[in-house]
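Welcome! Here is a short briefing to read alongside the structure. Take a look at the picture, then follow the points below.

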Amino acid sequence: MNTEILGIILMFTLTVLLAIPLGRYIAKVYSGESTFLDPIFNPLEKHFFRISGINIRQEMTWKQHLIALLTINFLWFFWAMFILMNQGWLPWNPDKNPSMSADLAFNTAISFVANTNLQHYSGETGMSYLGQIVCLTFFQFISAGAGMAICVVVFNAMKERTSEKLGNFYNYFLKSCTRILLPLSLIVATIIVFNGTPMNIEGKASFISMQAGDTVQLSRGPAAAMVAIKQLGTNGGGFFGVNSAHPLENPNYLTNIVENVSIILIPIAMVFALGFYLKRKRLSLMIFGVMTLGFLLFLLPSVYLEMKGNTAISSMGISQQLGSMEGKEVRFGSAASAYWGITTTVTSNGSVNAMHDSFTPLTGMFALLGMMVNAFYGGVGVGFLNFYIFIIIAVFISGLMVGRTPEFMGKKIEAREMKIATIIALLHPLLILAGTALSSYVFVVHPNIGWLNNPSFHGFSEMLYEYTSSAANNGSGFEGLGDNTLWWNITCGIIMILSRFLPIIGPVAIAGILANKKYIPESAGTLKTDTSTFGLMVFAVIMILAALSFFPALTLGPISEFFTIQ
Amino acid sequence: MKSTSLFQAALVKEALKASFVKLNPKIIFRNPVMFTVELGTIVMFCVTIFSLNNTSQGSFAYNLAVFIILFATLLFANFAEAIAEARGKAQADSLRKTREETPAKIIRVIGEMYTNEIQIVSSSQLKKGDIFVCETGDIIPTDGEIIEGLATIDESAITGESAPVIREAGGDKSSVTGGTKVLSDKIKVIVTTQPGESFLDKMIALVEGASRQKTPNEIALTILLAGFTLVFVIVCVTLKPFADYANTPITIAAFISLFVCLIPTTIGGLLSAIGIAGMDRALRANVITKSGKAVETAGDIDVLLLDKTGTITIGNRKATNFYPAQNADKQGFMNALVLSSLADETPEGKSIVELAISQGMKVPSLSTDAEFIRFTAETRSSGVNLSDGARIRKGAFDAMRNLSEKAGNQFPIEVAEQVKTISSNGGTPLVVTKNEQVLGVIELQDIIKPGIQERFERLRKMGVKTVMVTGDNPLTAKYIAAKAGVDDFIAEAKPEDKMNYIRAEQASGKLVAMMGDGTNDAPALAQADVGVAMNSGTAAAKEAGNMVDLDNDPTKLIEIVEIGKQLLMTRGTLTTFSIANDVAKYFAIVPALFIASIPALKGLNIMNLHSPESAILSAVIFNAIIIPALIPLALRGVEYKPIGASALLRRNLLIYGLGGIIIPFIGIKIIDLLVANFI
């Protein structure tokens with residue numbers, strides 16, 4: 001078999017094999033069992049909690065959880081705005097990069113608070129080291145930690161009992177950062193540092209290139225730390241502008257494996273953690289199965305298409321033995337680039353190791369679909385929340401189909417929960433389609449606005465991708481879009497903030513309401529949700545509800561492009 | 001069960017008329033899905049007029065065709081609701097007809113006194129609290145409760161059961177229903193309902209829609225469907241700027257067609273018909289429900305409380321064996337037990353005499369001055385005092401032991417042993433004494449209804465736990481419970497035991513159904529999630545329950561549970577079908593929208609439809625005719641099979657999910673082949 005294909009099989013197998021023990025460990029962390037890091041962190045944390053006046057034994061209701069989450073996010077936003085708009089004169093700026101404009105800072109601050117990491121700037125010229133460290137890298141930890149913490153709240157709500165007490169948010173949040181994200185990041189960062197990723201605070205290095213003897217500036221900086229957490233926390237915001245396609249962010253095939261495994265490791269491990277945490281392994285297997293089915297559905301054709309090459313180039317009689325290599329790094333090849341492209345979009349990570357703009361049209365569509373569904377693994381913590389909404393809808397329809405008032409985990413699903421689930425399911429297409437529609441309108445009225453490098457279908461895909469990426473809190477760019485303008489900074493910022501927090505509020509509210517309902521033990525008439533039949537139902541709901549609403553838009557973008565260049 | 005064909009000519013006519021009346025936006029607004037279709041139809045009407053002089057939006061004929069199909073879609077949906085209403089109404093009307101304008105013999109009150117002055121008034125003038133008299137041959141004018149007397153009544157008008165029943169004052173069989181006929185004797189009845197407020201009146205109002213409220217599940221489903229509708233509003237509205245960007249003009253007709261095809265019109269159009277049909281099915285099973293919610297809840301029932309007598313066993317116990325005591329002579333024992341039973345009119349008493357005769361016993365005659373002692377709850381025995389002064393008693397074991405021991409006689413050990421054996425075999429022992437001397441014991445056995453085990457097995461597969469309620473002792477109860485196949489039993493049940501059992505089950509999250517007739521059942525009926533009162537029961541019981549069974553059939557609960565499940569399943573499967581249809585509709589319409597300006601998209605036209613116009617027309621035509629095509633299914637309900645939830649889901653997903661994806665591909669292609677001839 002082709003080595004390139006073996007490479008991606010290895011990556012996926014490795015991820016799943018690592019995710020199982022990690023899931024068990026995560027479940028242990030949240031259950032409050034002792035772990036190997038307790039001796040180091042417990043004494044430290046005790047002081048922090050005492051100073052902040054937090055009693056971690058005090059359990060919170062779902063509303064209190066949300067208030068805690070939103071409050072700290074609100075404060076973080078202002079912290080980020082301050083750093084980004086003042087980094088020019090603040091210390092640790094050897095390259096003398098300027099402070100950000102208000103709209104760019106707005107976009108960037110939201111982007112990092114919301115775990116999106118959409119970057120309308122380029123790291124080398126747009127950020128100081130202080131900003132990279134105390135703002136961006138720091139936010140990559142806390143936004144991921146917040147997502148995981150709120151996911152545990154939903155886990156708690158799924159327990160077989162009636163209670164409104166769902167654990168302590170600050171406890172889960174801190175544990176997510178110190179017990180899970182930090183040690184894993186240390187491992188990943190160490191591996192990539194030894195493979196050549198810089199970790200220093202020195203400014204640009206200059207050297208004389210062989211090409212015409214020019215002096216070339218080479219950016220450096222504290223990159224390894226950021227690269228590790230950007231992958232593990234499904235953040236995706238790179239230290240350098242071109243992200244993990246940059247030779248210093250992702251030097252070789254080994255680092256590529258490590259980074260790519262990191263992208264989907266925690267999202268998968270969270271699914272297993274659910275099984276260990278609630279002692280419902282079959283349920284987590286069902287969820288993992290549905291997610292993997294969707295993932296493979298997007299992955300396999302993409303790998304095939306990228307390895308097959310670009311039909312437009314083939315028709316010119318040019319051989320493409322390496323597959324479609326436009327916009328890809330030779331050290332990774334077409335298969336690993338396609339694999340990365342799909343993993344990074346299904347998980348809301350958004351780091352890239354190839355130019356998504358240059359993918360063959362349908363691979364671009366599958367990347368888009370990954371973000372449109374946003375629940376096949378999904379972002380750390382929040383991916384499961386998105387999936388939870390689909391479960392609720394699937395439970396409702398299939399519950400009716402077996403002649404019973406629908407129930408999930410022994411709790412009845414009624415009008416109130418359906419209202420919330422419907423609104424959240426609606427929100428994603430609304431934000432993406434409305435954003436793209438507005439931009440299309442503006443573009444039609446002002447054809448010379450200069451946003452698009454490639455008008456026509458591809459240009460449409462670029463706009464669609466930008467909003468999809470924002471709404472999925474993904475953060476990858478199709479590129480080819482002039483996006484550092486007032487219009488794109490503001491509209492994407494608004495979409496990011498809405499699509500980060502509403503899809504957290506919705507599922508947590510549903511879970512909280514359900515947790516407080518009377519627990520009904522299972523009977524022979526109860527629909528079991530941990531079966532493959534039900535899994536198929538969830539899959540169908542996702543594909544028909546999430547994917548099909550984008551069919552007309554995809555037709556005008558990648559599908560038309562595909563048929564045109566055939 | 002009475003069966004009528006789904007579409008009777010008279011009903012269809014009435015429903016057709018109602019289909020137009022229901023176009024009124026105020027009425028259709030209750031259904032968000034169909035309301036948006038109506039808006040689309042109005043827009044299409046304007047476009048059609050516009051295209052008379054200007055063909056920029058397509059030809060007049062094409063727009064007219066789209067308009068007509070959309071209009072038909074609306075009518076079809078309205079028709080579905082109307083025919084369901086008409087059927088329910090027809091059913092209820094036939095019940096109501098029996099009680100219209102019958103003469104009533106009312107007793108007027110003069111001051112504080114009830115005199116015997118009887119006036120004849122029309123039944124419609126009877127008010128709650130009025131008292132009337134019914135004699136042999138009279139039709140009972142309205143619902144009420146007997147306060148004096150006893151009568152045989154022919155209830156066939158409402159139950160269809162020809163055997164007459166006995167109703168008497170006091171006790172649990174005091175209720176009479178308007179429209180039934182007194183066959184013998186005379187009763188005095190107090191009116192229990194205001195005119196127009198009887199259960200039947202309420203039921204008719206429910207079916208007719210005026211007072212029909214959406215059930216919780218229906219509300220939740222409507223929200224989901226409204227959500228689906230909104231998604232497609234977004235999809236269609238945003239398509240306009242997308243198309244402008246791609247320089248692809250899309251006609252208004254195409255937009256509206258795409259929208260109407262994508263929103264779940266199939267389930268939206270049939271939703272209320274399904275709900276009404278559920279209540280109608282209950283009515284056809286001779287059950288009057290006080291709300292649609294009750295039917296729906298019935299489908300969720302986890303625990304079913306059933307009275308033993310009449311439900312699980314046939315009426316009453318029968319004597320199966322006589323066991324004389326060791327020191328008593330057999331002849332004397334047989335004589336005594338027959339003598340004590342001759343005057344006993346209860347079925348047990350009769351069965352004792354029958355058994356004695358079949359064993360070759362010559363029935364002795366009872367002298368006229370013998371005094372019959374009735375059974376009372378205190379003595380728990382009955383018997384006879386003969387003219388020679390001999391006292392014969394038969395009764396429950398401990399009552400008789402007390403009796404004999406009080407008189408200084410020892411209770412024979414072997415009889416006590418026999419009593420135990422009988423009890424543990426599910427029988428009821430009756431100890432016979434003469435002058436406080438124990439003569440022996442009679443074994444009475446319950447006869448379990450044939451076929452009842454299968455019904456319980458079916459319930460178990462549905463996930464419903466059955467509980468037998470009986471006054472028997474625990475040993476007997478256990479035996480019968482095991483033999484009949486019920487899951488649990490309450491022995492020596494007092495009314496409050498039922499109540500406590502229901503509360504305990506409800507506390508653990510279960511939904512409980514029960515059936516009852518007596519006033520002492522009323523609290524439990526009210527506590528149960530589904531309380532079915534028998535029509536023969538007291539007014540209090542009927543008021544407390546949320547359904548009334550006209551047939552007084554205790555096994556009816558099983559049918560009610562299935563009706564409830566069917567109702568939910570029909571909604572669920574048609575929702576799935578409706579949404580699954582979208583896949584094919586997308587593939588029909590989306591290529592049609594863009595193919596003119598992006599010819600390469602013909603690769604997406606996987607159905608190979610004739611032209612963009614024919615593709616759009618075929619999709620909307622399919623979308624319209626699927627509604628009437630599914631009306632029979634909506635009215636009859638999807639069949640419930642007790643094969644376990646997962647297997648049921650698999651089955652329905654295969655039929656309605658996969659079928660919902662495939663059928664429209666075939667349907668649209670066929671319609672396209674036909675439509676292509678005209679374009």
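Which hand does the crossing of H3(A) and H17(A) have? The crossing of these two helices is right-handed, a crossing being right-handed if the near helix is turned clockwise from the far one by less than a right angle, and left-handed if anticlockwise. This is a predicted model, in which local features need pLDDT of at least 70 and side-chain atom pairs count only at pLDDT 80 or more, while totals for chains, interfaces and linings use all residues. Residues are numbered from 1 along each chain as its sequence is written, chains are lettered from A and ligands numbered from 1 in the order in which they are written, and side-chain values use heavy atoms, with hydrogens and water left out.

**Helices H3 and H17 of chain A**

- Two packed helices are described by the angle between their axes and the distance between the axes.
- Helix H3 (residues 62-86) and helix H17 (residues 486-515) of chain A pack at about 160°, with axes 9 Å apart; helices (H or I, at least four residues) and strands (E, at least two) are DSSP runs, numbered from the N terminus.
- Axes are lines fitted to C-alpha atoms, for helices over the stretch in contact, and angles run from 0 to 180 degrees between N-to-C directions.
- H3(A) and H17(A) are therefore roughly antiparallel, the word for angles over 145 degrees, with under 35 counting as roughly parallel, 65 to 115 as roughly perpendicular and the rest as oblique.
- On the H3(A) side, A:Trp62, A:Leu66, A:Leu69, A:Leu70 and A:Asn73 take part in the contact, where contact means heavy atoms within 4.5 Å.
- Their partners in H17(A) include A:Phe501, A:Ile504 and A:Ile505.
- The residues of this contact divide into 10 nonpolar, two polar and no charged (Ala, Val, Leu, Ile, Met, Phe, Trp, Tyr, Cys and Pro count as nonpolar, Asp, Glu, Lys and Arg as charged, and the others, Gly among them, as polar).

**Helices H12 and H13 of chain A**

- The axes of H12 (residues 333-346) and H13 (residues 361-373) of chain A come within 7 Å and cross at roughly 20°, which makes H12(A) roughly parallel to H13(A).
- H12(A) passes H13(A) in a right-handed crossing.
- A:Ile342, A:Thr345 and A:Val346 in H12(A) meet A:Phe366, A:Ala367, A:Gly370 and A:Met371 in H13(A).
- A:Ala338 has its place in H12 of chain A and is buried, with a relative accessible area of 0% (buried is under 20%, exposed over 50%, partly exposed in between, with a 1.4 Å probe and protein chains only).
- Leaving aside neighbours within four places in sequence, the contacts of A:Ala338 include A:Leu299, A:Ser302 and A:Phe359.

**Cysteines**

- How many disulfides are there over all chains? The count is zero, a disulfide being a pair of cysteine sulfur atoms within 2.5 Å.
- The sulfur of A:Cys135 is too far for a bond, because the closest cysteine sulfur, in A:Cys177, is 15 Å away.
- A:Cys135 counts as buried, at 1% relative accessibility.

**Two places in chain B**

- B:Ser536 is found in the loop between strand E20 (530-534) and helix H19 (539-544) of chain B, and this serine is buried at 1% relative accessible area.
- B:Ser536 and B:Glu155 are 381 residues apart in sequence and 9.8 Å apart in space, C-alpha to C-alpha.
- B:Phe76 lies in helix H4 (residues 60-97) of chain B and counts as partly exposed, at 27% relative accessibility.
- The C-alpha atoms of B:Phe76 and B:Ile626 are separated by 9.3 Å, though 550 residues apart along the chain.
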